[in-house]
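This briefing is intended to be read alongside the sequence and the three-dimensional structure. The points below are grouped by topic.

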Amino acid sequence: MPLSRFGWLPPLFLLLLLHVTFFTLTTAFQDVISISAPNENYFSRQKRSLNEPTEVSSLASSVHLNTSHLSLILSWTGVNSRYLLCISKRLRNNLPRHLPEVPSPDGNASHCTFVFTDVAHKTLFMTKDCGLNVEAQPLSFSPNVIEFDQRSRNTFLVHDTQDPERKLYVTNDFGQEFIHVQDYVQKFLLVYDAPQTHLFLQRATPGGLSNILSSKSFFLNSSDVDVVYSGVLDYEIRGSFIFVKTRDEAHSGYKELFVSQIGKDGTPGRFVRAEFGDDRPIHDYYIVDVTIDNQVLLCANFDSQLSNLYTSLRLNDYEATFSLSLPRVIFYNPSTTWNSSWLRYTSEESPFVDIVKVQGLRGVYIANQIRASYFDSKRSDIVPEDLKSLITFDLGALWSPIRKPRLDKGIRLPLNCSKKGNCSLHLSQYLSNKYPSARSIPILSRASSVGLILGSGNIGNHLGVGKSNVYLSADAGLSWQQTLAGSYYYSIGDHGGIIVAVKYYKTDGPTNELLYSINEGVTWNPLVFYKKPVRIFGLLTPPGENSTIFTMFGTEEINSVKWIIIKVDLKSVYLRNCTADDYKLWSPSDSSHGKHRNCLLGRKEVFERRVVHTNCYNGLKYDRLVKVENCHCERSDFQCDFGFIPDEASPRTCIANPQFTHMDLYEHPSTCKPGGTYRRKTGYVKIPGNTCIGGKEKEFSSLNVSCPLPSKKIKVSRINLWNMSEVQVLPLKNISDVTTLEYDLDHDCAIWSDGKKKQICIQCMNETASGPRILISEYIESVQGMALDWSSRNLYFVDGKQRKIEVVRLDNGSIRRVILDDKVLKKPRGIAVYPGHGYLYYSDWYEGGPSIGRTLLDGKGHKTLIKGNNIVWPNYLSIDFIANRIYWTDSKIGHIGSCDLHGENLKFIDSAPNMEKKHPFSVAVHKIYSKMIAAMDVKIFSKSIRSQSSGCSTNPCSHLCIPLPETSPQGFKKSSLIPQVERLVSLSLIMEQAYFAVEVAFNVQSQCNGIKDCPDGSDEMNCDDCPSHFFKCADGKCINSHWRCDGESDCDDNSDEMKCGFKECAQGFFKCDNDQCVNAKYRCDLVEDCSVSVFLRTN
């Protein structure tokens, strides 16, 4: 018999009931609550009492039910209600379905309206006074599904799903009269966004598909009926969005998803097809969550096992784009996934995803991911050991393992945890709860107890099915502790002021002891609630989780059913009511450090929380103080943009999705005209709803770049540096998209790459009539840079998309070889060679570690020269062959950097202010003349420099002669390489298509300007590496000097907070390891109050 109601919590289960036993328990549950002094035994400081107490506590009361039915259903009747409804039934083979929750309009317990349905006998049992009076109403149809209009106590709908015509009825007088309103209804939903309640329903058509219809009169008035969408397989309404599934006409058996936002008038807007940046067809979709900021988390299923989690990027009337958040999530749907596994027998008909939201906070979720090794096993079944737990603090933009708990005395790491620290905490969710031999208790969090999380699980490399323990986090998942050994039911009350736990009978057997903690799990106190052990099947707390009343239900006997309900009221364990002095301010943190660690989704939320070791009562009417302020932007405020995915090797890095190839992610818009600009993707986008400002926002935001010039206007010019007015346009033929340049001075030939034709071309000035010679036209995708070794007449080039550097003979394009590939290169960009020393230099944009590297000219002896915070987007390289320095432009920071040939003596020159918007691209250096140009490529060529020789100058090899570093004063070493041509997988990379130029002139003879101009370098001696208003960390990092000794770690090594010379802390305060003073009451409360992440000390 299903149960529904108008009040707080509707019913419990939906199924056929042949017999109903109904109770209102008023005797045991109407005690008058009063404050009184607690018994001293209740506040033992031990973790657990070793002696089992035998006397039943006066705080517990019990009621026996006169029923022998095998199934019992309980529900509190509303917020602040003293009534508990119980339904018992005979066990049937069919499994129950939960009805959706219906919130109470005003929380008044008198609104205790329930409707019970006896489907077999076509009867309704109705009550408006919590069951004190029940009225039976015979029907002519089967009341399989019922739903109340939240705006009207007397209006509800009844759906007869047993009738072949699947009829829908409505009553406006609390069941006295029913009106038939629709036929062939597959399902229906009520929407309350508009002033009037709107009814949406899915109606079947003869062709096997359905139409979605809507009405604000419950279809009683035909003039207000709208056809919302036709040709539907299924639909769902979550938040303010309506999601429609349709057939994918291009892929049989697959589905497409369309999204629309419902307006304030209750009418959906334009439906837009959801795009996921992946070319693979999708079997099914599951809406995980819609946030208050209208951010959508959904699961897309690709086959019977593989499902990925996506988060929305842009949802409007023109686009619905999603970004990959987490691959390989566990998603169960009986019709599409895992339908040959044990799940089909234990999971009823309800789909689920192993993802849970931490209540009361924005953006914090815990998910269980299928381990990558599972897919190598080729198994069709799945068990909890195949999963691992991850947590996100930024709405799925970044996921990380759950930090393993600190180890108290007597707690050891499992044997399978290696010393490398690859163990983490894993928590049970829906799959473990349904697993037959586990039936683990899921994760619990409440909005009323912000920051508190309880979960059952284990420490290790993956989730387990053996005996689990209870873990608690008091800081929203940042850190954890093992609070109880074994399996327990648990619940939270008094706004987090009290936690209760009782043994889980399936793993730990019967019990008559309840444990409670009034200090967030630091210590636990036992309470005997019954004269003998009972098999406990559940632990309830009234709606809102703010009460101190907890209810358990179970059976006394193992071989017979004697239901018992036990109530425990723990209000009297408090010494007094709380005052303002009993609270502290707390902010949730993500897993980063420094000034950003107390920010989630770009804002710092400051909550008032009771000091852990204070024994006081918050009270039902406690209203938690909350303050909000915006934070500076960090990487965690951005997610991967559409078409990009997290790099498996470095999840903080977004790379182009190799499964998404039907569009160029970097293509400029068709409306982009010469002289204009457009926003080009970087692979990152700010998380919708994120409110961060400044900080690293520019580093990850899209770039404002110039629209490309038409092909006919592309030209290559030669400028006389001694006479800038002398400009010669080279007579190159058939050029369409020049991306990078080189010049062969010995033969007076221009060399360029053509991005559109995917060619490398050569044209000599004495052969202009014959046109260019095609050096390479195969196995290249996107040439980002070229460098000519004039001594061996080899051309080196960077292919960004294929992540490789190749060398090719200038006189024979078929003789070529890859010298560096994607084992070293991630996003290669610029390149320069120094034949006289046998070195090749390159730049790499890889967000997980941008760098400038060096190898020998044969690709051996690789070394990273520059990395870290000094570079972000290093572009084209240039070598000062006089001062032996490497120069580059950083197009993100907007400056010139330089170092010596070995990556030392790092210097920087800031660009002019107007360069920031111009995206500086190239730099060329010769003697005392320097140019930084925002054009595609600029180089300075000089015979005086290229007169240097190498071992290949006089003794060439038969294939590829490679000059190597000098080994003796008498000559150069050389190497011969066998040519090699190979096709590599094509990967997308940013292709610069800006063709404007901005010049920046500077005096390179200034002292301490970052350039070694004197031969002995004396002009750069005695210069501070950091600017005068910056502090230099021990690791060399420069930070603002105002951040020194401010109580927050800004240096990665914490050196900015050492030797600060703080005075001793005042009485009542505790001194942190970083010399910060915090209130002594905050010590050992399981929340890290010292700004630096210091583990709590127990000595």
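This is a predicted model: local features need pLDDT of at least 70, side-chain atom pairs count only at pLDDT 80 or more; totals for chains, interfaces and linings use all residues.

Which residue in β20 does F258 stand opposite? F258 stands opposite R273 in β20.

**Strand β19 and its partners**

- β19, residues 255–261, is a mostly covered strand, with 6 of its 7 residues buried.
- Strand β18 (residues 241–247) is joined to β19 by 7 bridges, and these two strands run antiparallel.
- Within that pairing, L257 in β19 has K245 standing opposite.
- Strand β20 (residues 272–275) is joined to β19 by 2 bridges, again with an antiparallel run.
- The F258 and R273 pair noted above belongs to the facing of β19 and β20.

**Nonpolar cores**

- In soluble globular proteins, nonpolar side chains tend to be buried together.
- The largest nonpolar core holds 40 residues, and the members that touch the most other members are F529, M552, V568 and L570.
- At least two residues of this core come from each of β34 (469–473), β36 (488–493), β37 (498–503), β38 (513–517), β40 (535–540), β41 (549–555) and β42 (563–569).
- The strand that gives the most to this core is β37, with 5 residues.
- Leaving aside residues up to four places away in sequence, V568 touches L59, A60, L514, L527, F529, T548, I549, F550 and M552.
- Another core, of 23 residues, lies apart from the largest one; C417, L425, L427 and W586 are among its members.

**Open sheet of β58 to β61**

- An open sheet is formed by 4 strands in the order β58-β59-β60-β61, with antiparallel pairing.
- β58 (738–744) and β61 (773–776) are the edge strands, each of which pairs on one side only.
- From one strand to the next, the twist averages 25 degrees.
- β58 and strand β59 (residues 749–754) run antiparallel and are joined by 6 bridges.

**Loop residues**

- S223 is found in the loop between β15 (210–215) and β16 (226–232).
- Is S223 buried or exposed? S223 is exposed, because its relative accessible area is 61%, and exposed residues are those over 50%.
- The side chains of S223 and N221 are joined by a polar contact of 2.7 Å.
- N294 has its place in the loop between β21 (284–290) and β22 (296–301).
- The phi of N294 is near 60 degrees, which is a positive value in a residue other than glycine.
- N294 counts as partly exposed because its relative accessibility is 30%, a value between the 20% and 50% cut-offs.
- W338 lies in the loop between β25 (331–332) and α1 (343–346).
- W338 is another residue other than glycine with a positive phi, in this case near 50 degrees.
- Why does W338 count as buried? Its relative accessible area is 2%, and buried means under 20%.

Note on methods. Residues are numbered from 1 along each chain as its sequence is written. Side-chain values use heavy atoms; hydrogens and water are left out. A nonpolar core is a set of buried Ala, Val, Leu, Ile, Met, Phe, Trp, Tyr and Cys residues joined through side-chain atoms within 4.5 Å. Buried means under 20% relative accessible area, exposed over 50%, partly exposed in between (1.4 Å probe, protein chains only). Contact means heavy atoms within 4.5 Å. Two strands pair if DSSP finds at least two bridges between them. Axes are lines fitted to C-alpha atoms, for helices over the stretch in contact, and angles run from 0 to 180 degrees between N-to-C directions. A polar contact is a pair of N or O atoms within 3.5 Å; within protein, one must be able to donate a hydrogen and the other to accept it, and residues adjacent in sequence count only if both atoms are side-chain atoms.
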